[in-house]
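Me: I've got a model open and I'd like to learn how to read its features. Can you walk me through them?

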Amino acid sequence: MLPKMVQSIMGYQHYSTTIDIHTHVSESKYQEEAGKIGRAMEPEEMGNEDNKKTDLDN
């Protein structure tokens with residue numbers, strides 16, 4: 001069900017109340033999203049062909 005519909009049906013004034021009460025994060029989804037953040041924070045490897053500058057980059 002859409003959170004705005006729940007908000008309306010339950011009579012909550014604030015959207016944040018609906019989200020705080022009626023949404024939950026599963027362990028598998030938590031692990032998936034945490035992995036994305038971890039990979040984004042990893043330093044780039046030197047020598048990766050995709051990351052090498054070309055004359056067009058100057």
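Me: Which residues make the nonpolar surface patch?

Reply: A patch is built from residues with over 30% relative accessible area and no salt bridge; like charges are joined within 9 Å, and nonpolar side chains (Val, Leu, Ile, Met, Phe, Trp, Tyr) within 5 Å. Here M1, L2, M5, I9 and M10 make one of about 610 Å². Keep in mind that this is a predicted model, where local features need pLDDT of at least 70 and side-chain atom pairs count only at pLDDT 80 or more, while totals for chains, interfaces and linings use all residues. Residues are numbered from 1 along each chain as its sequence is written, and side-chain values use heavy atoms, with hydrogens and water left out.

Me: Is M5 buried, partly exposed or exposed, and which helix is M5 in?

Reply: Buried means under 20% relative accessible area, exposed means over 50%, and partly exposed is in between (1.4 Å probe, protein chains only). M5 counts as partly exposed because its relative accessibility is 46%. M5 sits in helix α1.

Me: How many helices and strands does the protein chain have?

Reply: Helices (H or I, at least four residues) and strands (E, at least two) are DSSP runs, numbered from the N terminus. This protein chain has three helices and zero strands, so the pattern along the sequence reads α-α-α.

Me: What area does the protein chain expose, and what percentage of its residues count as buried?

Reply: Accessible areas come from the Shrake-Rupley method with a 1.4 Å probe, and for residues only the protein chains shown count as cover. The protein chain exposes about 5600 Å², with 55% of that supplied by carbon and sulfur atoms. Of its 58 residues, 5% count as buried.

Me: How do I read the packing of α1 and α2?

Reply: Two packed helices are described by two things, the angle between their axes and the distance between those axes. The axes are lines fitted to C-alpha atoms, for helices over the stretch in contact, and angles run from 0 to 180 degrees between N-to-C directions. For α1 and helix α2 (residues 15–22), the angle is about 105 degrees and the axes are 9 Å apart. That makes α1 roughly perpendicular to α2. On this scale, under 35 degrees is roughly parallel, over 145 roughly antiparallel, 65 to 115 roughly perpendicular, and the rest oblique.

Me: Which residues meet between α1 and α2?

Reply: From α1 you have P3, K4, V6, Q7 and M10, and from α2 Y15, T18, I19 and H22. Contact means heavy atoms within 4.5 Å.

Me: What about Q7 and T18: are they buried or exposed?

Reply: Q7, in helix α1 (residues 3–10), counts as buried because its relative accessibility is 9%. Leaving aside neighbours within four places in sequence, Q7 is in contact with Y12, Q13, H14, Y15 and T18. T18 is in helix α2, and T18 counts as buried because its relative accessibility is 2%. With the neighbours within four places in sequence left aside again, T18 touches P3, V6, Q7, Y12 and T23.

Me: And S16, is that buried, partly exposed or exposed?

Reply: S16 is also found in helix α2. With a relative accessible area of 42%, S16 is partly exposed. The C-alpha atoms of S16 and P3 are separated by 9.6 Å, and these residues are 13 apart along the chain.

Me: How many salt bridges are there in the whole structure?

Reply: A salt bridge is a side-chain nitrogen of Lys or Arg within 4 Å of a carboxyl oxygen of Asp or Glu. A search of the whole structure finds four.

Me: Which residues are linked in a network of salt bridges?

Reply: K29, E32, E33 and K36 are linked that way. E32 pairs with K29, their closest N and O atoms being 3.5 Å apart; both lie in helix α3 (residues 27–41), three residues apart, about one turn of the helix. E33 meets K29 at 3.5 Å, N to O, and those two are four residues apart in α3, about one turn.

Me: What are the relative accessibilities of E32, K29, E33 and K36?

Reply: E32 is partly exposed at 38%, K29 is partly exposed at 40%, E33 is partly exposed at 30%, and K36 is partly exposed at 40%.
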